[in-house]
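The sequence and structure come before the text.

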Amino acid sequence: MNNLTSTQGAATVGIQLRIPYALPLIDEREIQEVIHSLKSNWLSRGPKTLEFEESFAASVGSPLAIGLNSCTAGLHLALLAYGVGPGDEVITTPYTFVATVNTIIHCGATPVFVDIDPVTMNLNPDLLEQAVTSRTKVVIPVHFAGLPCEMDQILQIAERYQLKIIEDAAHAVHTKYKERMIGSIGDVTCFSFYATKNLTTGEGGMVTTRDEEIADRIRMLSLHGMDKNAWNRYTEKGSWYYEVQQPGFKYNMTDIQAALGLVQLSKLSYMQDLRELYAAMYTSAFSSNEALILPADLPGHRHAWHLYVIRLQEDMLSISRSEMIELLKEAGIGTSVHFIPVPQHPYYRRLGFSVDDYPETKKAYEAAISLPLYPGMTIEEVNYVSYHVNRIVDAHKR
Ligand SMILES: *Cc1c(COP(=O)(O)O)cnc(C)c1O
């Protein structure tokens, strides 16, 4: 596989899995760039962060990007930048990582869930309009697994009711909706560079937007609320004086992260090609297995294949999803489940939410298994996983 080798040993706590669920693809280039950052003495936000912001923005067709320490920080600051607060409602999907919804809570606003479409596993756009009230301010579509949401329909409803769109694109780096890159469509788009994501900086995130004023506000809120050039206050060009108009947060990206990000971005299309190839291999291996529901890939869009989620037709099988996960583990295969529905977590239950109100989400969750899918895998490993998934399913058909 060219000269790229995966880092061995990460994510193997407990039993040694033959094929871990996820591994980053870090090679000598990332290591050298990080060393370069360390030697340059810029450890915090600095020139590499600016360079990464520019390159990333260009790669998704957005004029502006702001590097942050996570996607969660991006979602939080985007909501605050639009003034979302107590009394406001924010619509999103219950089938997401809890960070999407926690940030709505952090703003003091009220989350409103719209159930998923069972085919795409994304927020069902046909149910969106009926969830809009006079208090709705923002919609947060989440591009689950890297498959784009139905943006035309969401944009239309947003325009009709004057709502802002903040996209959770944690899975969707270089996803395309029709001919448009995710990152160039909504009012603000938030990307994640967490360790398991398609492009990683260890921890990290980026927001993109066309709106200069919103970008300035997010940049300011990411650095204590200090005015915009405070990051270079210790240099010759900077000044010791700054003003704080609003109590901000400490959410900025560092140059060490950006060093990783620049190299990861330069090899992203190579990594995405492998994800696409491996996803196609899974799909062809499973396509004749009627006890499995396979992930949708809608023609005319580009899927980022962050996740490959199969769903078991449990009525056709004598084992449960959890038993299947155990049997895969016995074969040395790491898996995960995306996602535990947000309304099912005790905190959200105490707020009065119930997963029973979102039947498609509940059904998807109970049947879902995420298989290993990352560019550090070999073709043999993908075949090994495919073989064992089919073997276990076939051995337990009713
Ligand atoms: C990973 C993830 C996040 C959070 O990303 P961080 O960079 O870890 O904050 C948010 N939403 C979804 C859907 C995710 O998968």
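## Helices α9 and α12

In this predicted model, the axes of helix α9 (residues 321-330) and helix α12 (residues 379-395) come within 10 Å and cross at roughly 130°. An angle over 145 degrees would count as roughly antiparallel, and 65 to 115 as roughly perpendicular; α9 and α12 are therefore oblique to each other. Their crossing is right-handed.

On the α9 side, the contact is made by Met-324, Leu-327 and Leu-328. The residues of α12 that take part are His-388, Val-389, Ile-392 and Val-393.

## Helix α2

Helix α2 covers residues 47-59, which makes 13 residues. From the first C-alpha to the last it reaches 18 Å, close to the 18 Å expected at 1.5 Å a residue.

The buried residues in α2 are Lys-48, Thr-49, Phe-52, Glu-53, Phe-56 and Ala-57. They lie on the same side of α2, because the arc they cover around the axis is only 165°. Glu-54 and Ala-58 are exposed, and they sit on the face of α2 turned away from its buried side. What do the buried residues of α2 pack against? Their partners are the helices α1 (28-40) and α7 (255-266), together with the strands β1 (64-68), β8 (188-192) and β9 (205-209). Just after α2, Gly-61 has a positive phi of about 70°.

## Packing of α2 on α7

One of the elements that the buried residues of α2 pack against is α7. The two helices pack at an angle of about 35°, and their axes are 8 Å apart. The crossing of α2 past α7 is left-handed.

From α2, the contact is made by Pro-47, Lys-48, Thr-49, Glu-51, Phe-52, Ser-55, Phe-56 and Ser-59. From α7, the residues in the contact are Asp-255, Ala-258, Ala-259, Gly-261, Leu-262 and Leu-265. Among the α2 residues in this contact are Lys-48, Thr-49, Phe-52 and Phe-56, which are also buried.

## Helix α8

Helix α8 has 19 residues, 268-286. It reaches 27 Å from its first C-alpha to its last, close to the 27 Å expected at 1.5 Å a residue.

Its buried residues are Leu-268, Tyr-270, Met-271, Gln-272, Leu-274, Arg-275, Tyr-278, Ala-279, Met-281, Tyr-282 and Phe-286. The cover over these residues includes the helices α7 and α12 and the strands β10 (292-293), β11 (308-312) and β12 (368-371).

## Helix α5 and the residue after it

In helix α5 (residues 151-161), Met-151, Ile-154, Ile-157 and Ala-158 are buried. They cover an arc of only 130° around the axis, which means that they are on the same side of α5. The buried residues of α5 pack against the strands β4 (136-140), β5 (164-168) and β6 (176-177).

Gln-162 follows α5 and has a positive phi, near 55°. It is in the loop between α5 and β5. Is Gln-162 buried or exposed? Its relative accessibility is 73%, so Gln-162 counts as exposed.

## Other backbone features

Most residues other than glycine have a negative phi, and most peptide bonds are trans. Gln-162 has a positive phi and is a residue other than glycine. Lys-178 is also a residue other than glycine with a positive phi, near 55°. Lys-178 lies in the loop between β6 and β7 (180-181), and at 40% relative accessibility it counts as partly exposed.

The peptide bond that joins His-338 and Phe-339 is cis, with omega at about 0°. Phe-339 is located in the loop between α9 and α10 (346-350).

## Thr-72

Thr-72 is in helix α3 (residues 71-81). Its relative accessibility is 32%, so Thr-72 counts as partly exposed.

Which residues is Thr-72 in contact with, leaving aside its neighbours within four places in sequence? They are Ala-99 and Thr-103. Val-142 is 70 residues apart from Thr-72 in sequence, and the C-alpha to C-alpha separation of the pair in space is 13 Å.

Key:
Residues numbered from 1 in each chain as written. Predicted model: local features only at pLDDT ≥ 70, side-chain atom pairs only at ≥ 80, totals over all residues. Heavy atoms only, no water. Helix = DSSP H or I, 4+ residues; strand = E, 2+ residues; numbered from the N terminus. Expected span 1.5 Å × (residues − 1). Buried < 20%, exposed > 50% of the residue type's maximum accessible area, 1.4 Å probe, protein only. Arc of directions from axis to C-beta. Contact = heavy atoms within 4.5 Å. Axes fitted to C-alpha atoms, helices over the stretch in contact; angles between N-to-C directions. Parallel < 35°, antiparallel > 145°, perpendicular 65-115°, else oblique. Left-handed = near helix turned anticlockwise from the far one by under 90°.
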